[in-house]
Amino acid sequence: MKHLTFVFIFFLAVFGFSDALAQGLAILSGKITSSDGHPVAQASLAIEGTSYGTYSNDNGSYRLELPEGTYTVVASFIGYESQKKSVRLTGKKMVDFILKEETVALKDVEVYAKSKSQKLREGAFAVNALDVKPVVNSLSNLNELVNRTSGVKVRQEGGVGSDYDLSINGMSGNSVRYFIDGVPLETKGSEVSLANLPVNIIDHIEMYKGVVPAYLGSDALGGAINIVTKKEKKNYLDMSYGIGSFHTHKADLNAQIVFPKSGVIVRPTVGVNYSKNDYTMKGVEVWDESVRKYVPSNRKRFHDDYFSLLAQVEVGVTGKPWADDFFVTASYSKVDKELQTGSIQTKVYGMAERNGSAYNVSAQYRKKDFLLKGLQMHSMLSYTWDYSLTVDTAYRVYDWNGDYIESSRNEITGRERSLRHYKRPTTMFRSNWDYRFNPQHAVNLNYLVNRTGNDRYDEVDSSFEPSNDVVCKHIVGLSYHQQLWQDKMENTFFVKDYVNHLNIRQTDLYWQTGSDKVKGESTGNYWGYGAGTRVSFWEPLALKASFEHSVRLPLARELLGNGSTIYANTALNPEKSDNVNLGVFGTWHPGAGHVLYYEVNGFMRFVDDYIQAVVAEKEGMMQYQNVPAVHIKGLEGEVRYSWKRNLQCMANVSWQDARDQRKYKEDGKLSATYLNRVPNRPWLFGAAEVNYTFHDVCRKNSSLRLETSYQWVHWYYLTWEAYGAKESKAQIPAQHVVNAGVTYSLENGRYNLSVSCDNIFDRLVYDHYKLQKPGRSFFLKFRVFLN
Amino acid sequence: MKKMKVPFMSFLKTSVFATALFSFVACSNDTPNGGSGEPDLTGKVHFDIFMSVGEHGGMGGGENTIVKSVESLTADQPMIDIQGSGVELNPYTIELISKGKYYYQVPSKQTRFTKFQIVNNKIEIVQEQPFVVNSYTERKYTHAWLDDKTLLVMAANGDADKIIWTKLNAEDMSILSEGTLNLPLPAGAAVFTTTGILTYNEKVGKLFYFYYGKDKAGRKGVATSNFLTAVINPSDMKVESNKVNALAAEMAGSSYGQLLQECVTYDEEGNLYLAAFTKKGELEEGCLLRINKGESDFYASYNGYPNADGKLCTVQYLGNGKALTYARNQSADAGRNTYSLYYSIVDLKTGKRSRLACDGKEVGYSSGRFSQRSVVLNGKAYIGVNTETSTCIYIYDVATGVTEKGADIAQGYYFDALRVVEN
């Protein structure tokens, strides 16, 4: 029935599309200059009340295809007063804009240009979009920023570089896929993540909830995060260095060099993170022989050094007759990570560590009007040598004093010494074909193949059986997008085909990993489909709804483990979900300079074979397992308010309720957990932030930005809440974290200095059971942006 | 004179009672228990029922075990449920050493020995002791009580090429002594099995350690011989005898000693009985072997559980020459959670056995291979079952041989263990 309904809707849409083909197109072009006559590059040109828009090029010129009609066109650029013109558009029309430097606020006319992020929020999909540019001067970690958005929760195990679990609308972190400019982030290496990506390269982040556009070529079940990097056309150099508490250092370098004669562009990027993470653990147990008891004490972490490096160079050309973009990229990433604890802090390590490195070579090619007018082809081929090593060779038992006794077994697994090597070569090819019939109608075909090997061997553990497993997946997505009624309605329909090919050769720990059940080669084929719609009645009120039947193929990490704290589970099935989003949003301008945006979303996730990380409490290990079914419903709301360019406020709250749908136990009897809330996950949380920017403080073209944020998570149980006396049950306590910062910028952002303080009130914070996060910390960052 | 007599008599009575109580409390340990002639302990003890939510608590699965303490398991009791009651066992696991009021364990993710008790809906840590020389990991050790105050813990080391041991004073948990057993690897073996089975025969004052070797580490390692029996002098931990047995391939449990399941028991005379098995084709054929008091090897012509239809999982002495066994009918078994396990009353002299029956009907097969749901107390065996149709207790009277139904246990959980604990 669901399939028939979808087909029916699809045909309706196609019908609407053919009707709309008859509409005529017009071209709006022109130039945007400053009052002194210089071209303004990268100025935003938006068509008010629609999602149409573009940017000016280096010469200040712009060009935009639109259906014929009357529009209000708004040109804006930072540091200038925005300008708005009413244009009746037929055929070709040129409209120039002269922007004045912003010295006096407009009194009679208020102009509101929407950022790319805002436009995304107002699209058909349920999406959070975060502008990184405004906060890049003070930001040290993307996870921090993402964690403050509605419906998203990042659970970190410790300090800088610690493992984390990101969930969107209650879906496990690993059902969320990560992309960088539409390409899976894993091409950079398995250790590259939101936690160590250089923030300076990022323009904005898109977070898709439940329904993921087909062009991302994703098998995400709970959503996707797409990191969109800055696209400048000029030479620039962006450098920053930050120093913080717990011996933390971060340095980023990002530049672009354009060779005018050849048109060759070189973009080097380097990001380095280092931290000793020697923050104080409060109330950890330390043995006091005089009283023969473990006494709660404060001790510094002593084996948690983290180092990451990402170095990348892109070389290519843009705007050539044969290619709009052609780039070859080489990157190297490295992560060295000491391990301080097991999955709870009572297990202290002093020698174990995990190291990883990856080399990547990729090439991408993009061409508009490829083969036929209106067709854009964008393809990417990538190969990654991904390598990791888990070192667990010390026969020692450590305590929080940093002392140890010589032991008779290793630290992590309690077995014999282990030097476990993982080689995970990844080949990826993505090809995206986008055909735009006219500004209202477009189809998109995306194909992604991802082949990941898992070659494992151990240098010293004679009991370890080497293996070489292969996971290969093909994902094809076809989508059709339409904009109707002068953009008051937007619809998207898509289908996806997922093919998973496994070749499992490992057999060790078969009783734990299930490798005896899934041996040899197997191929599975799965279909997904979905649709999204947005109807804008008027600016303060719009509705959107989206649906996807999604499939997520297990990750290599879930299937094959991580060699240290996660067991393999080769018998994992893909998880499937029917995801529904329904939202209402709108923008209101209550007075001059005031903008209020609100959004309320309800969602439901009907998950089957849900892949969930289960702590094997007894072993200090984790394993991903299929939970037969979980249903999640939730509600989240966000309000944003801004006043001119000075004040931005945001507050959100999210509630999500995941209920176990497994009716029967393994022995066929009714399960006590049926319809119980799934434990060990945050279910009520919120965030708020306030930023105020003073302009021209002490010096012209300077700014002083004050910011503060607050995060709250309601406490939750580690295990099923209904069973056992409440007072005996383990809990993850509530979190109240307040952060604050101040940033001073000179010469329109060329020189920036920021100081921030996280967890100002030094609260004890846990995201995971008995895994303490850092207390109060400070971070000082200096950034130079030269162009 | 009169005044002097009262305290003396009181002391005498207390001593007799204490002696009886200690002998009973060792029910999950290495001494005979529950036989006839013991004093009535009603009101002096309670039952701890271990139930896991979501998945079995045994063999490292599940972290959501709830312990419910009840005074009685008779049929007149209300249904036993853990909804909103009972104690969450985390971070401890169902693989425990119990004696008297207390539980003992090497807890998961901790590098220590812990002594705790469960009272008033919470776990109270009584005493802890960090490792000093030898270190152990959760579940992977075996134990024996040398006396009421001395707990001996033993395991293979990380390389599994040596057997390490630690003696603890169970009162204050201080380490009395530690060392490495002078036990060589069996011929052709590269490693010992993880823990083996350790037991103390107090009638002869010797430790018996059952173990075997494997040709290589890991699950692919193959036993190099039938299991061996080492007889150890508990005072100096010297190995006095070390023999390969000729009767069976492996002990019933080799992974975590008797921390959960009891596979060693003794009769009144001090004869030792061990549940063991030999793989014959696909069949794991169980057997019950005996080491006669004073001997160091198994009595060659004895098998207390002949013609087994599967593995013998647990054995507990009932008194009067009878034992309670929990075994698997392999032909009815299709995995860890199928209903294929059953209780029998075994005559240890003749080897004759009968399925546990109530009102003339055999009690159905249970599921739960890694469970220990029976205890012996006051001449009765309290036997927990998890059949396809019910989860409840049966009470077997050793003297009369009559079985009656006891308390019902709520469905929806995994009923993993039943233990008797001193109040």
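The following dialogue goes through some terms used for this predicted model.

Tutor: Local features need pLDDT of at least 70 and side-chain atom pairs count only at pLDDT 80 or more, while totals for chains, interfaces and linings use all residues. Residues are numbered from 1 along each chain as its sequence is written, and chains are lettered from A and ligands numbered from 1 in the order in which they are written.

Student: What makes strand 13 of chain B largely enclosed?

Tutor: A strand is a DSSP run (E, at least two residues), numbered from the N terminus. A residue is buried if 20 or more other C-beta atoms lie within 10 Å of its own, with C-beta atoms placed from the backbone. In strand 13 (residues 197-201) of chain B, 5 of the 5 residues are buried, so the rest of the structure largely encloses it.

Student: How many bridges join strand 10 and strand 11 of chain A?

Tutor: Strand 10 and strand 11 (residues 164-168) of chain A pair in the antiparallel sense over 5 bridges. Arg155(A) stands opposite Asp165(A) there. Strand 10 (residues 152-156) has 5 of its 5 residues buried.

Student: Which strands stand at the edges of the open sheet in chain B?

Tutor: The sheet has 4 strands in the order 3-2-1-32, with antiparallel pairing. Strand 3 (87-88) and strand 32 (414-422) each have a single partner strand, so one side of each is left without a neighbour in the sheet.

Student: What makes a set of residues a nonpolar core?

Tutor: The members are buried Ala, Val, Leu, Ile, Met, Phe, Trp, Tyr and Cys residues joined through C-beta atoms within 7 Å. The largest nonpolar core has 124 residues, and Leu274(B) is among those that touch the most other members. Apart from it lies another core, of 50 residues, among them Val154(A) and Leu197(A).

Student: How many residues of chain A are in contact with chain B?

Tutor: Contact means that C-beta atoms, placed from the backbone, lie within 7 Å. By that rule, 45 residues of chain A are in contact with 46 residues of chain B.

Note on methods
Pairing = 2+ DSSP bridges. Buried ≥ 20, exposed ≤ 12 C-beta atoms within 10 Å, placed from the backbone. Contact = placed C-beta atoms within 7 Å.
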